[in-house]
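Please look over the sequence and the structure below before reading on. The notes after it are grouped by topic.

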Amino acid sequence: RKGFEWLGLLDHHFKIHSWLAFLCGALALFHTLAHYVNFWVISSWTYEERNERIGLVAVYAVPDIPNLFPGHPNFLVFLYLCFIAPFGLFGHISLVCIWIVIFSSLPVVRQYFFEAFQLLHFFWIPFLVFGGLHSITSIFGFPTFWFWTLMPSFILMHELYYRLHHFNRAILDKFALHVVPGRSTIMEIRIEKPVQFTYEAGDYAFLYCLSASPIELHAMTIM
């Protein structure tokens, strides 16, 4: 398998993929908590103070909501900023999406509910989309979220294009198959190589068995 293999460790080490996912989730949660503090401070201002301090910025424009508890921060304004204003709503959707990806990737889910793991892993797409919308509605000028996601997204699109463009499909209707148990949970599968199938040691093949599952494709390293 080629593509961006020159990235080395980042492209082959499963643990780094897992660590970066947890880091993204933790930073997204910390980012959200920081917004809660910021919104709570804003909710303590009067309508006139918000307009004066923020300068009538459209994305922060909040209706003149009456304070149910005079002398205290306006809880309704806080809820509006968190869950009704576009930047708050999109941010929370993005946060939920990244943690869906993380929780669905836990070993217990991968082992017993692999199809759910495979499908829910695609929630990284709405995570990026709503994260970008959260940034665009929150910041004037160049959206900082997209600044950090354009290059990784380009690398991912290149990998997907390379994989599809060089896809080497072989449909095996009748073939000899031998399963050899290995150490721990490792399993070796031996099959007869189709005539049209070309490979190099270290490449991987996706095994797809329709009778077992209509959506599961398991990546197996070719020795």
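Glu-200 sits in the loop that links β2 (187-191) to β3 (204-207). Helices (H or I, at least four residues) and strands (E, at least two) are DSSP runs, numbered from the N terminus. This is a predicted model: local features need pLDDT of at least 70, side-chain atom pairs count only at pLDDT 80 or more, and totals for chains, interfaces and linings use all residues. Residues are numbered from 1 along each chain as its sequence is written, and side-chain values use heavy atoms, with hydrogens and water left out.

- Glu-200 is partly exposed, because its relative accessibility is 46%; buried means under 20% relative accessible area, exposed over 50%, and partly exposed in between (1.4 Å probe, protein chains only).
- From C-alpha to C-alpha, Glu-200 is 7.7 Å from Ile-222, and the two are 22 residues apart in sequence.
- Arg-190 is part of strand β2 and is partly exposed, at 45% relative accessibility.
- Arg-190 and Ile-222 are 32 residues apart along the chain, with 9.8 Å between their C-alpha atoms.

**Helices α4 and α5**

- Helix α4 (residues 75-84) packs against helix α5 (residues 86-104) at an angle of about 55 degrees, and their axes are 5 Å apart.
- This angle makes α4 oblique to α5; under 35 degrees counts as roughly parallel, over 145 as roughly antiparallel, 65 to 115 as roughly perpendicular and the rest as oblique.
- Axes are lines fitted to C-alpha atoms, for helices over the stretch in contact, and angles run from 0 to 180 degrees between N-to-C directions.
- On the α4 side, Leu-81, Cys-82, Phe-83 and Ile-84 meet Pro-86, Phe-87, Gly-88, Leu-89 and His-92 of α5; contact means heavy atoms within 4.5 Å.
- The contact of α4 with α5 has seven nonpolar, two polar and no charged residues (Ala, Val, Leu, Ile, Met, Phe, Trp, Tyr, Cys and Pro count as nonpolar, Asp, Glu, Lys and Arg as charged, and the others, Gly among them, as polar).

**Cysteines**

- How many disulfides does the rule (a pair of cysteine sulfur atoms within 2.5 Å) give? The count is zero.
- Cys-97 is buried, at 6% relative accessibility, whereas Cys-24 is partly exposed, with a relative accessible area of 39%.

**The whole protein**

- The secondary structure consists of nine helices and four strands, in the order α-α-α-α-α-α-α-α-α-β-β-β-β along the sequence.
- Of the 223 residues in the protein, 24% are buried.

Key
A disulfide is a pair of cysteine sulfur atoms within 2.5 Å.
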